[in-house]
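Here is a short report on a protein structure. Look at the sequence and the 3D view first, then read on.

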There are 2 protein chains.
Amino acid sequence: MSDRRREPGQTSLADIAAEAGVSVSTVSRIANGDLGRASAATVEKVQRLIAERGYRPNPVGRSLRGGESRLVAMLAPNLDNPAMAAIAASTEAALRAAGYVMVLCDTHDRPDLQDEYLRAMRSRFAEGFILVSAVASAELEASVKRGEPIVFVNRRNPYGGGAFVGIDNRRAGADAADYLLDCGVRAPAVIHPAELSSTIRERVEGFIDRLRERRPGMAVRRAEGAGANHLDCGYAAALSLIAAGGWPDGVLCPSDLMAYGLFRAARERGGRIPDDCRPVGIDDNDLNAWIAPWLSSVKIPYRAFGERVVACLLALRAGTLDGEVLLGHELIRR
Amino acid sequence: MSDRRREPGQTSLADIAAEAGVSVSTVSRIANGDLGRASAATVEKVQRLIAERGYRPNPVGRSLRGGESRLVAMLAPNLDNPAMAAIAASTEAALRAAGYVMVLCDTHDRPDLQDEYLRAMRSRFAEGFILVSAVASAELEASVKRGEPIVFVNRRNPYGGGAFVGIDNRRAGADAADYLLDCGVRAPAVIHPAELSSTIRERVEGFIDRLRERRPGMAVRRAEGAGANHLDCGYAAALSLIAAGGWPDGVLCPSDLMAYGLFRAARERGGRIPDDCRPVGIDDNDLNAWIAPWLSSVKIPYRAFGERVVACLLALRAGTLDGEVLLGHELIRR
DNA sequence: ACAGTTTAGGCAAACGTTTGCCATGGTCAA
DNA sequence: TTGACCATGGCAAACGTTTGCCTAAACTGT
């Protein structure tokens, strides 16, 4: 199409400059607060026009020029998971407060999509990346090597190092173990997905180690389940658990979604939760307080993640950080 | 900063052109598939270089030039609501399949934020807008007037007209009424937020009209509740309902979140759900199947929304549509 | 041989911004 | 008087693309 319609209502520097009878450079400088480069009269006139016409600098022009894009990309494995939604929402708010716009990309936990979004966002001059539960992928490795500003959330950088925001997963698992023991559980179990991410592995290890520490001889049953998401995984793992040896009296579900899967399995198989089998989750989705009174869970302060993630990103860009931020967690008893 | 670092790994048309010994125009044309404008040898050479260097057109340059940005903005009132997450996820997938990148903006249901994002996205040359549960706002009115491509989802254009994707809310409310009557409910009620959006109003009206139609003399109690979200609204409304006249034996919750609020109120006040008080929701969040076996709900096919929304948007941009798309719903009995 | 057409490809403008550098003209001190 | 310095502001390049127009050279038909 050759009829490039002028976007209506979008005032450009040139428009202001023409009307004020000055050059584009002058307007640009004044718009950017460099007031010492023009006479008071000019400054006043240009500022008035800027206000009247509602001029806002065009971010695309800026980006192209090589300056800032005010764009930050968040890559998350799936928006359906309430935990992801909570992280996304809080990060979006924090970024907006810092003057950034967040682009949210759903990678569906697929390395190829993660790569595609990494490329797409880089070519849009994203000033930073927030990778929630990242998976290993070629483009990510290249980005890490190039030292691009990336904050990893929930799951650590698969290539080591880098900024990280999350919790102490081993401790969370240990706290869950303490809780079950304090409830008098004698035949505990743990369910988990067939492929273990570092996050889940740490939680499970922390759980088991604490059990062994406090009850040296205690047997801990384990079951894994396959599935596209943690709901299905939890369901499958629970079924295989009871098929192998009946219901345990307590079970660690390393994510709330897995606990939901367990709950469904119990309902279908006549297991009574939490009376016969007490689950303990990790996440503590906000919805739990409303509709899952049977689920005690380690609360991860996802709503507080946003601020920390943004602080990390800013520090990263300023070259003043390459550390880890571990937020506190708290077991919610229900 | 004056040291504008050349983005690494980003090949430009100029790079290819220099290496091939041809002009930028020639490379651009070949990259865009206009193969008739160069000799076979040149085409071959340039194509080889494009492949070797992994050249990808820079979307920012393209946007600025006035062409396409491949950017679509979705403005949603909050990411926490599972229904929004479902819509966002399916739309993102459909847009990606169509070659677009979706920017997800959380408006927190605030007109000022909606305006801010509308402006920000327009100045980034967004090619279309998807407004989920839009609120009235000055910038929206202006956008509608200018005829920008906007698809409204869930809630209709507050200024009338425009493309819309949603369900027949009156019928959904009527179906809920049928369900309660079929369950033998004799003292029904409805709870809703203090301020009624068009969506909620239609559902409530459809519900009440159907009750009156089938049981002319039947009294229908109503209670409203205030709160920042539907969970709180539902909770508050339920409390005020029972304070006014005890538990109804059936109650329409015009969104699942309100039903969750009711559930909590019942738990705290000793109401037995669904035995004493049978709720019927609208939405049927995916999680219901797992952890809310007490909730029958009208399933809205949010996962199917994405495709329709994108089809609408494309048609809108092609100038071939200005209609409504109503998807079917189905009451899920639990 | 010559006019006309096709082929192959370059030039330059435009999108909106930022910024280093240059050009006036004036003021001030020695 | 002259050199230095400051105030004011414009020029132009650069970022990466796309595309209308132009120009050669090489064909084609008669």
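Which charged end sits over the ring of B:Phe164? The charged end of B:Arg156 does, at 4.3 Å from the ring's centre. Keep in mind that this is a predicted model.

## How the chains are related

Two copies of a chain are related by a rotation about an axis and a shift along it.

## Where the chains meet

Chain A gives 58 residues to the contact, and chain B gives 58 residues. Of the interface residues of chain A, 100% are also interface residues in chain B, so the copies meet through the same surface.

Together, chain A and chain B bury about 5300 Å² between them. Carbon and sulfur atoms account for 61% of that area. In chain A, the residues that lose the most area to chain B are A:Arg124, A:Trp290 and A:Ile291. Together they make up 15% of what that side buries.

Charged side chains meet here as well. Two salt bridges are found across the interface of chain A and chain B. In a salt bridge, the side chain of B:Arg303 meets that of A:Asp80, at 3.0 Å from N to O.

## Aromatic pairs

The whole structure holds eight aromatic pairs over all chains. In one of them, A:Tyr235 and B:Trp290 have ring centres 6.1 Å apart. Their planes stand at 85°, so the pair is edge-to-face. This pair crosses between chains. A:Tyr235 lies in helix H10 of chain A, and B:Trp290 lies in helix H12 of chain B. A:Tyr235 is partly exposed, with a relative accessible area of 21%. B:Trp290 is buried, at 9%.

A:Tyr260 and A:Trp294 also form an edge-to-face pair, 6.4 Å centre to centre with 75° between the planes. A:Tyr260 is in helix H11 of chain A, while A:Trp294 is in the loop between helix H12 and strand S10, so the pair ties together parts 34 residues apart in sequence. Both A:Tyr260 and A:Trp294 are buried. Ring pairs link these two residues and A:Phe263 into a cluster.

## A charge over a ring in chain A

Return to A:Tyr235. A:Arg264 lies over the face of A:Tyr235, 6.0 Å from the ring centre.

Key
Residues are numbered from 1 along each chain as its sequence is written. Chains are lettered from A and ligands numbered from 1 in the order in which they are written. This is a predicted model: local features need pLDDT of at least 70, side-chain atom pairs count only at pLDDT 80 or more; totals for chains, interfaces and linings use all residues. Side-chain values use heavy atoms; hydrogens and water are left out. Contact means heavy atoms within 4.5 Å. Rings of Phe, Tyr and Trp (its six-membered ring) pair if their centres lie within 6.5 Å; planes under 30 degrees apart count as stacked, over 60 as edge-to-face and the rest as tilted. Helices (H or I, at least four residues) and strands (E, at least two) are DSSP runs, numbered from the N terminus. Buried means under 20% relative accessible area, exposed over 50%, partly exposed in between (1.4 Å probe, protein chains only). A charge sits over a ring if NZ of Lys or CZ of Arg is within 6 Å of the ring centre and within 35 degrees of the ring normal. Buried area is the accessible area (1.4 Å probe) that two parts lose on being put together, summed over both. A salt bridge is a side-chain nitrogen of Lys or Arg within 4 Å of a carboxyl oxygen of Asp or Glu.
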